[in-house]
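Could you take me through this structure one selection at a time? I have it open in my viewer and would like to know what to click next.

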Amino acid sequence: MIIVMETRDKKDIDRVVAKIEEFGYKAHIIWGVERTVIGAVGDERTKGRLLSLESLPGVEKVVPILKPFKLAGRELISEDSVFRVGDAQIGGDRLFIVAGPCSVENREQILETARIVKDGGGTALRGGAYKPRTSPYSFQGLEEEGLHLLQEAREATGLPIVTEVLTPDQVGLVEEHADILQIGARNMQNYALLKAVGKTSKPIVLKRGMMSTINELLMSAEYVMSEGNKQVILCERGIRTFETETRNTLDLSAVPVLKKLSHLPVMVDPSHGTGHWDLVIPMAKAAVAAGADGLMVEVHPRPEEAYSDGAQSLKPARFRQMIEELKPLMSIVGKTLQEIP
Ligand code: PEP
Ligand code: MN
């Protein structure tokens with residue numbers, strides 16, 4: 001339910017919040033410029049009780065939230081969400097570009113790539129320390145050592161670190177080392193993991209499952225947000241279709257749909273979305289034209305030597321080319337590149 005207040009009086013707001021909590025719901029206060037609203041989110045079965053709040057002083061009206069994604073949707077929070085990570089802004093009028101190798105392989109590789117990403121104009125460095133591989137015989141990542149190497153790369157460049165967390169018991173350690181936690185496509189509906197990252201204070205890149213609908217993606221964001229962490233970045237990374245020329249089918253229509261349904265920043269991963277390096281730049285441009293707030297791309301100094309996803313990784317020169325080719329598009333959509341000092 002949305003409780004629309006006709007006042008900003010703290011006493012009136014506190015009284016409503018106390019009542020919401022007494023009914024067993026969580027209260028989310030949104031201090032808007034025009035008006036203050038309070039979201040009461042919790043057990044759907046007993047929400048009728050909340051209607052009585054209309055009789056409290058300072059309350060204008062109580063209206064239901066119709067969509068199942070209460071906190072991720074636009075009904076309660078209508079303005080676009082913008083997050084800050086160190087010097088970087090995510091969402092709003094900045095385009096943020098997360099780039100780096102699929103996997104952290106060794107010290108030289110990650111430091112070299114971090115430098116390429118920084119000099120090329122990237123906003124954040126990605127790199128998997130824990131890798132969700134289809135085969136148990138494929139490289140599984142350097143694990144904790146990978147996290148330390150990522151930290152070293154951040155110290156060397158100032159780039160914030162984005163890395164994937166695979167299980168709830170890894171969350172504490174990954175949170176200590178990373179600036180943004182990634183939930184991979186294979187884990188989009190791992191509800192225990194979603195709840196665990198929902199208790200952290202770091203932004204979460206939530207990748208769309210390869211067989212998940214947009215609605216399911218938003219419900220997964222809801223799991224994270226309902227635990228208290230409101231900083232979710234939605235990421236379209238391609239879905240399974242009958243098409244075999246590309247690794248996945250990058251569903252770019254998800255971008256305007258997500259922007260319509262949700263206030264959360266939306267990013268696109270054209271690397272996993274296509275599986276081929278030569279398709280990354282065209283689809284990155286299409287993503288920005290479609291209204292994406294950010295991109296995630298795989299970059300490797302020598303893709304032919306990569307332990308994973310070399311075929312879809314950009315060489316350094318191609319990464320720089322992508323940023324250059326994006327610039328005119330950014331000005332058309334009213335965004336500028338988020339630069340890291
Ligand atoms: C990744 O970003 O390295 C990754 C494994 O992506 P996805 O979860 O989208 O497959
Ligand atoms: Mn990858």
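Here is a short tour of the aromatic pairs, with one more stop at the end. Keep in mind that you are looking at a predicted model.

**What to look for.** Two aromatic rings are described by the distance of their centres and the angle of their planes. Searching the whole structure turns up 2 aromatic pairs.

**Stop 1: select Phe 139 and Tyr 307.** These rings form an edge-to-face pair, 4.9 Å from centre to centre, with 85° between the planes. Phe 139 sits in the loop between β8 (124-126) and α3 (144-157), and Tyr 307 in the loop between β14 (294-298) and α10 (316-333), so the pair ties together parts that are 168 residues apart in sequence. Now show the surface: Phe 139 is partly exposed at 23% relative accessible area, and Tyr 307 is partly exposed at 43%.

**Stop 2: select Tyr 191 and Tyr 223.** Here the ring centres are 4.4 Å apart and the planes lie at 25°; planes under 30 degrees apart count as stacked, so this pair is stacked. Tyr 191 belongs to helix α5 (residues 191-198) and Tyr 223 to helix α6 (residues 214-226), so the pair links parts 32 residues apart in sequence. Tyr 191 is partly exposed, at 33%, and so is Tyr 223, at 31%.

**Stop 3: select Ala 306.** You will find Ala 306 in the loop between β14 and α10. Which residues does Ala 306 touch, not counting those up to four places away in sequence? They are Glu 105 and His 300.

Definitions and conventions. Residues are numbered from 1 along each chain as its sequence is written. Chains are lettered from A and ligands numbered from 1 in the order in which they are written. This is a predicted model: local features need pLDDT of at least 70, side-chain atom pairs count only at pLDDT 80 or more; totals for chains, interfaces and linings use all residues. Side-chain values use heavy atoms; hydrogens and water are left out. Rings of Phe, Tyr and Trp (its six-membered ring) pair if their centres lie within 6.5 Å; planes under 30 degrees apart count as stacked, over 60 as edge-to-face and the rest as tilted. Helices (H or I, at least four residues) and strands (E, at least two) are DSSP runs, numbered from the N terminus. Buried means under 20% relative accessible area, exposed over 50%, partly exposed in between (1.4 Å probe, protein chains only). Contact means heavy atoms within 4.5 Å.
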